[in-house]
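These are my notebook entries on one structure. Each entry records what I looked up and what I found.

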Amino acid sequence: MRAVLQRVKYSHLSVENQPTAEIKSGIVVLIGIKSGDNEEVFAKIIDKITNLRIFEDENGKMNLSVKDIKGGILAVPNFTLYSDCRHGRRPDFAKGAPPAEAKAAFEAFVSRLKAAYPDTQTGVFGADMQVELLNDGPITIILDSDELMPNK
C-alpha cells in the first residue's frame, strides 16, 4: 500500500461536478493498493495517518497529530500511485492490484480508518474525481508498506 499524505487547510472532492466530500483543516490521503494488502498493512498505515505529528503546536513545532487538532481526513483512491515510469513514456500500472481486488481492499481500509477516526470522508473508487485542496506548509509525506513493513 502506498499513501501520500498532504496537510491541508481545506479540501473539496467532486464527482461529475457534484460535491462528494469536504474537510477543513486536516489530511488528504491518496491511497494506492497493491495485491496482497491486508488488515495488518491497513492497521500500520492507519496508525501512521492518525498519529503522525505534522501539525504545529503553540510554539510552531510539528508536535500535533490530526487527532490532536480534531482535523478531518479525506481518503482518495488513486491507482496511479503504483505507476512504473522507468521504461518509455507511458506509465505501467501493473504493480497495482486489479480493480476488483483494489476496490474491496480500499473499502476495507476505509471502514477500518473510519472506525479508528470517525471524521473521515472518502472519494469514490473508480470515479473521475476533482480534488481541490490548499496544501498547508507544504507538508507532504509518503508512506509505503514495503518500507514500513519490510518483511511483508
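I began with the contacts of Ala 108, where contact means heavy atoms within 4.5 Å. Leaving aside residues up to four places away in sequence, I found that Ala 108 touches Glu 39 and Phe 42. Ala 108 sits in helix α3; I took helices (H or I, at least four residues) and strands (E, at least two) as DSSP runs, numbered from the N terminus. I recorded Ala 108 as partly exposed, because its relative accessibility is 28%. For this term, buried means under 20% relative accessible area, exposed means over 50%, and partly exposed lies in between, with a 1.4 Å probe and protein chains only. I also looked up Glu 147, which is 39 residues from Ala 108 in sequence and 21 Å from it in space, C-alpha to C-alpha.

I noted the basis of these values: the model is predicted, local features need pLDDT of at least 70, side-chain atom pairs count only at pLDDT 80 or more, and totals for chains, interfaces and linings use all residues. Residues are numbered from 1 along each chain as its sequence is written, and side-chain values use heavy atoms, with hydrogens and water left out.

**Entry on α1.** I found that α1 has 13 residues and reaches 18 Å from its first C-alpha to its last, close to the 18 Å expected at 1.5 Å a residue. The expected span is 1.5 Å times one less than the number of residues. Which residues of α1 are buried? They are Val 41, Phe 42, Ile 45, Ile 46, Ile 49 and Thr 50. Seen down the axis of α1, these buried residues fall within an arc of 145°, so they line one face of the helix; the arc is that of the directions from the helix axis to the C-beta atoms. At the N-terminal end, Asn 38 caps α1, with a side-chain oxygen 3.0 Å from the backbone nitrogen of Glu 40.

**Entry on Ser 145.** I located Ser 145 in helix α4, residues 145-148. Ser 145 is buried, with a relative accessible area of 4%. Not counting residues up to four places away in sequence, Ser 145 touches Met 1, Lys 34, Asp 37, Val 41, Ile 45 and Pro 150.

**Entry on the strands.** How many residues of β3 are buried? I counted 7 of the 7, so β3 is largely enclosed by the rest of the structure. β3 pairs with β1 in the antiparallel sense over 7 bridges, and with β6 in the parallel sense over 6 bridges; two strands pair if DSSP finds at least two bridges between them. Gly 26 in β3 stands opposite Val 8, and its bridge partner in β6 is Gly 72.

**Entry on the backbone.** I found a cis peptide bond from Gly 137 to Pro 138, with omega near -5°; Pro 138 lies in strand β8. Glu 16 is not a glycine, yet has a positive phi of about 50°. Asn 17, also not a glycine, has a positive phi of about 65°. Asn 17 is found in the loop between β1 and β2 and is exposed, with a relative accessible area of 70%.

Note on methods. Polar contact = N/O pair within 3.5 Å; in protein donor to acceptor, adjacent residues only side chain to side chain.
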